[in-house]
Amino acid sequence: MFDFRLTGERIQDNRFDVVIIGGGPAGLSAAIYAGRARLKTLLLEKTATGGQITLTEYIENYPGFEEPILGTTLAEKMEKQAQRFGAKIHYAEVTSVKLKDDEKKIYISDENDNPITSRAVILAMGASPRKLRVSGEEEFTGKGVSYCGPCDAPLFKDKYVIVVGGGDTAIEESLFLTKFARRVSVVHRRNKLRATAILQERAMANPKIDFIFNSVVREIKGDAKVESVIIENLKEGKGKEVKCDGIFIFVGLEPETGLIKNEVECNDNGFVLTNEDMETNVKGVYAVGDIRAKSLRQVVTAVSDGAIAAMSAYKYITSNSPR
Amino acid sequence: MALLSKEDSEFLKNKFEEELVRKITLVYFGKESSDLVLPTEDSTECRYCEATHQLMEELAGLSENIEANAFDIDDEEAEKYGIRMIPAIVPLVEGEDKGIRYYGIPSGYEFGGMIETIIQLSSGEGSRLSSESLDALSKLSIPISIDVFITPTCPYCPTAVMTAHRMAMASEYVTSNMIEANEFPVLSTQNNVYSVPHITVNGRYAFVGALPEREFVEGVLNAVMDTIRDKD
């Protein structure tokens, strides 16, 4: 019935072979591989390890777990596995980085003056939910507008909520919301969902979920909190006001590149460009997981990126060893 | 049956052995039987009292430096610590109250946060807040009570709780309360909690989100700035 999660450790020393920024599956996988290569490895995470898999309830498509595994449990297992191979995991927010020199510098929130130094850096900061960019969204964020299903779904017991989006996340979270909410309406701009077929089947079969296709949310209205949304049918070009208690927005991702925009090369959408060895345009700097320009963003592709980056970093460090 | 797995208990036992320095007392407040109407602001039964009490006893069993003390909500000790709802936990360090409160069971992500709080309190290293934050807090001249509403499934929430707790460690004017929103639905509704972490100060809305330390401290102080000025 209860789940009890444990967290990180403090760092004693601030020189490392590899520093991994971000503790989602890509970062944790890099930590496992770097630890096994006996590199002195530090992983920095600002909130909780697992990244976006902690924002979903179950992972069903990660090979080897024939029964669905809780995202939080999978994250915990990866974290312990990384620690078993000697990687240090420290909870702190990275405030700035200097990556272009041979000695990379990483500044964290709780040690302002002394940077952590490292010979290689693996960027694994992931991505965060994209905003809808409609009137009322910002005003009512935290007042009925939410981007986090597991965080906020329990606060909508017996309520009516709107979900925006038609991808895997939107449908998974709609299913999770039905545990609490009395009704969930999924608003999607196309005439069919983009989510994986098995998720679609489940959502279609769930009596608490209905769909509003070919439609977008144009405005979020309320007083102290969300009270209604304006939904426009794109075919008819007509908008109508729908009363609701909350709106959950799952319309894609934006890369978390605030720290590194001026350090490494990114594409037009802001995702970091790498080659197949996960190298960025800066020597000794690698990018893995959702922050990287790629076509499939899944746990299984994230952990693959992590392994490749760790081994690339290992080759880079051993071939450029000053020792 | 034990709440903590054998593996986690073993891990914590070693961690406590390595890191605990000063004695921690976990003062628990609850109600043994559920057939009475309780003097709380919220629900009339305490669904998680038994589990919370058991969790405190299990933690105490893992280290000589942790003890658990249980009291009924009607006991005068509850008044001494200003306990308003149950289950509640007040961690003391060498018997000293640092103004830290847990309302509701610290499960899920909050459990790790509570362990970190215990270790930090016991280490005697102080709040670990930045000098800017300490400066800002030193200007306080009235008591402030920070409520951080959370859900156990929220991965961002422990960061917010920890920052509020550190403010309590740093200033005797600050009380920091973790409130599990599901267990206190009436209070959560009164405070318009629709996203977590949701932070109020002296009952006033401050902000939503696990902000970085500087913004967090600023947000908390801004929420009560006018009342602080009034008292000057």
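Q: How many helices and strands are there in chain B?
A: Chain B has 9 helices and 9 strands. Helices (H or I, at least four residues) and strands (E, at least two) are DSSP runs, numbered from the N terminus. The model is predicted: local features need pLDDT of at least 70 and side-chain atom pairs pLDDT 80 or more, while totals for chains, interfaces and linings use all residues. Residues are numbered from 1 along each chain as its sequence is written, and chains are lettered from A and ligands numbered from 1 in the order in which they are written.

Q: What makes chain B as compact as a globular protein of its length?
A: The globule rule is 2.2 Å times the number of residues to the power 0.38, and the radius of gyration is taken over C-alpha atoms. For 232 residues the rule gives 17 Å, and the radius of gyration of chain B is 17 Å, close to that value, so chain B is as compact as a globular protein of that length. Along its principal axes the C-alpha trace of chain B spans about 50 × 45 × 35 Å. Buried residues account for 51% of the 232 residues.

Q: Why is Lys31(B) called buried?
A: A residue is buried if 20 or more other C-beta atoms lie within 10 Å of its own, exposed if 12 or fewer, and partly exposed in between, with C-beta atoms placed from the backbone. Lys31(B) has 20 other C-beta atoms within 10 Å, so Lys31(B) is buried. Lys31(B) sits in the loop between β1 (24-30) and α2 (49-60) of chain B. The C-alpha atom of Lys31(B) is 6.3 Å from that of Ile73(B), 42 residues apart along the chain.

Q: What is in contact between chain A and chain B?
A: Two residues are in contact if their C-beta atoms, placed from the backbone, lie within 7 Å. By that criterion 27 residues of chain A are in contact with 35 residues of chain B. Helix α3 (residues 149-152) of chain A supplies the largest share of the chain A side, 3 residues. That side divides into 10 nonpolar, 10 polar and 7 charged residues. Ala, Val, Leu, Ile, Met, Phe, Trp, Tyr, Cys and Pro count as nonpolar, Asp, Glu, Lys and Arg as charged, and the others, Gly among them, as polar.

Q: Which domains does the assignment of chain A give?
A: The bounds come from an automatic or database domain assignment, which gives domain 1 (15-129 + 253-319) and domain 2 (145-249) of chain A. Their centres, taken over C-alpha atoms, are separated by 32 Å. In contact are 4 residues of domain 1 and 7 residues of domain 2 of chain A.

Q: What makes β14 and β16 of chain A edge strands?
A: Two strands pair if DSSP finds at least two bridges between them. The 3 strands of the open sheet stand in the order β14-β15-β16 (chain A), with antiparallel pairing. β14 (215-222) and β16 (238-243) of chain A each pair on one side only. β14(A) and strand β15 (residues 226-233) of chain A pair over 7 bridges, and Val216(A) stands opposite Glu232(A) in β15(A).
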